[in-house]
Amino acid sequence: MKTWDDWSDFEVNKAVANIVREPWINMSKKEESESALHIIDCNGGYGMRKHSYVDYCNSSSDMWPIMISEEIIVGPSSEYKKHMAIGAAVIDEDCNICSDNIIYYHTNPLRAVAIVFLEMNGVRP
């Protein structure tokens, strides 16, 4: 059975981009990076192409807008010595996390957030 650990950062980044970007945008691996996506927007207007690079798993400037809009929180977890990301977190009055939240632990906090975002959108490994 495949798990999120079987997915490279590039695969996670591409899955996130498929949700947040238009489907007609061309995505490929950035040459100098193992994880970043090179995005070419062929509908840039007047036949122009717009080029950009995103790396949701390793760039807070790429992941932060998603974290805010989707209400995903992240913080340290002493239990697993990893970071914990919680999707659309519901926390009770005693500061306990409700059990129906999507939670993921990883050493890379941005990757944990990206995976929670994917699970919130029905993507499974």
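The tour begins with a helix, then visits its partners, a core and a loop.

Before you click, note that this is a predicted model: local features need pLDDT of at least 70, side-chain atom pairs count only at pLDDT 80 or more, and totals for chains, interfaces and linings use all residues. Residues are numbered from 1 along each chain as its sequence is written, and side-chain values use heavy atoms, with hydrogens and water left out.

**Stop 1: helix α3**

Select residues 109–120, which form helix α3. Helices here are DSSP runs of H or I with at least four residues, strands are runs of E with at least two, and both are numbered from the N terminus. The expected span of a helix is 1.5 Å times one less than its number of residues.

How many of the twelve residues of α3 are buried? Nine are, so the helix is mostly covered; buried means under 20% relative accessible area, exposed means over 50%, and partly exposed is in between (1.4 Å probe, protein chains only). Colour L110, R111, A112, V113, A114, I115, V116, F117 and L118 to see these buried residues. Now show what covers them, including α1 (9–20), α2 (60–70), β4 (73–77), β5 (82–87) and β6 (102–106).

At the start of α3, a side-chain oxygen of N108 comes to within 2.9 Å of the backbone nitrogen of L110. After the helix comes G122, with a positive phi near 85°.

**Stop 2**

Keep R111 of helix α3 selected. R111 is buried, with a relative accessible area of 4%. Contact means heavy atoms within 4.5 Å. Leaving aside neighbours within four places in sequence, R111 is in contact with W4, D5, W7, S8, D9, V12, C57 and H106.

Side chains of opposite charge can pair when their charged atoms come close. A salt bridge is a side-chain nitrogen of Lys or Arg within 4 Å of a carboxyl oxygen of Asp or Glu, and by this rule the count comes to two. In one of them, R111 pairs with D9, the closest N and O atoms being 2.7 Å apart. D9 lies in helix α1 and R111 in helix α3, so the pair ties together parts that are 102 residues apart in sequence. D9 is partly exposed, at 22% relative accessible area.

Next, select E119 and R124, whose side chains meet in a salt bridge at 4.0 Å, N to O. E119 counts as partly exposed, at 21% relative accessibility.

**Stop 3**

Move to α1, where F10, V12, N13, A15, V16 and A17 are buried. Pick V12: not counting residues up to four places away in sequence, V12 touches W7, C57, R111, A114, I115 and L118.

A nonpolar core is a set of buried Ala, Val, Leu, Ile, Met, Phe, Trp, Tyr and Cys residues joined through side-chain atoms within 4.5 Å. Of the 25 residues in the largest such core, V12, V16, Y56 and M63 touch the most other members. Helices α1, α2 and α3 each supply at least two residues of this core, and α3 gives the most, with eight.

**Stop 4: E71**

Finish at E71, in the loop between α2 and β4. Is E71 buried or exposed? E71 is exposed, with a relative accessible area of 55%. Its phi is near 55°, a positive value in a residue other than glycine.

Notes:
A polar contact is a pair of N or O atoms within 3.5 Å; within protein, one must be able to donate a hydrogen and the other to accept it, and residues adjacent in sequence count only if both atoms are side-chain atoms.
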